[in-house]
Amino acid sequence: MAVDYRKYWNAAFSWADYLEREVKEHPALWHGVWERAKVPQWALGQGGRLGGAWKLLVISEDWCGDASNTVPVLARLAETLAGWELRVVKRDEHPELMDAHLTGGSRSIPLAVLLRPDFSFAGQWGPRPDELQRFVLTEKRAGLRPVGDIYRDVRTWYARDRGETTIREVLTLVEAASRRAAA
């Protein structure tokens with residue numbers, strides 16, 4: 001079944017509306033990450049060289065710790081790079097969209113769907129940076145530590161990384177989509 005991304009995009013929240021009106025859980029965390037989010041100089045250069053117009057349709061929920069640490073960073077990236085736009089849809093209000101983008105059979109969020117200007121699918125990122133995802137899955141499989149301890153380490157990782165890995169991975173995704181389009 002083909003996904004009508006334009007329909008979801010048109011129904012999605014702008015970043016400002018999502019942050020101000022839809023974030024009810026942990027608003028201080030969401031606002032804090034947004035206020036501290038910076039696009040590093042290397043990313044400005046790489047994003048500028050990539051060029052083009054891109055849309056990030058982010059599937060999220062305000063209760064998600066990974067979302068609160070990555071979605072504001074993605075919003076800052078989209079705000080900073082010319083031709084980029086970001087909108088947010090709530091996972092629990094759009095299960096059919098989420099089910100089209102499962103991670104290992106799971107409705108894991110956040111998930112950023114990369115769209116071209118014509119709303120065609122170009123790739124996806126999420127639910128967390130690859131290195132961190134491997135860590136979490138390995139720790140959970142091992143079953144040696146309480147999940148709370150694992151997630152404390154996750155929060156520390158995000159604080160140290162400051163969104164750089166998320167930005168790097170999304171720019172790599174855009175670069176790959178650009179190469180595919182040019183081929």
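Predicted model: local features only at pLDDT ≥ 70, side-chain atom pairs only at ≥ 80, totals over all residues.
Have your viewer ready to show side chains.

**Stop 1: Y5 and F121.** A search of the whole structure turns up 8 aromatic pairs. Start by selecting Y5 and F121, a stacked pair with 6.2 Å from centre to centre and 25° between the planes. Now colour by secondary structure: Y5 belongs to helix 1 (residues 5–11) and F121 to strand 5 (residues 121–125), so this pair ties together parts that are 116 residues apart in sequence. Y5 counts as buried because its relative accessibility is 8%, and the cut-off for buried is under 20%. F121, at 37% relative accessibility, counts as partly exposed.

**Stop 2: Y18 and W30.** Select these two next. Their ring centres are 5.7 Å apart and their planes stand at 65°, so this pair is edge-to-face. Y18 is in helix 2 (residues 15–22) and W30 is in helix 3 (residues 27–36), so the pair links distant parts of the chain, 12 residues apart. Are these two residues buried or exposed? Y18 is buried, at 0% relative accessibility, and W30 is buried with a relative accessible area of 0%.

**Stop 3: charges over rings.** Stay with W34 and select R76, which lies over the face of W34 at 3.6 Å from the ring centre.

Definitions and conventions:
Residues numbered from 1 in each chain as written. Heavy atoms only, no water. Phe/Tyr/Trp six-rings, centres within 6.5 Å; stacked < 30°, edge-to-face > 60°. Helix = DSSP H or I, 4+ residues; strand = E, 2+ residues; numbered from the N terminus. Buried < 20%, exposed > 50% of the residue type's maximum accessible area, 1.4 Å probe, protein only. Lys NZ or Arg CZ within 6 Å of the ring centre and 35° of its normal.
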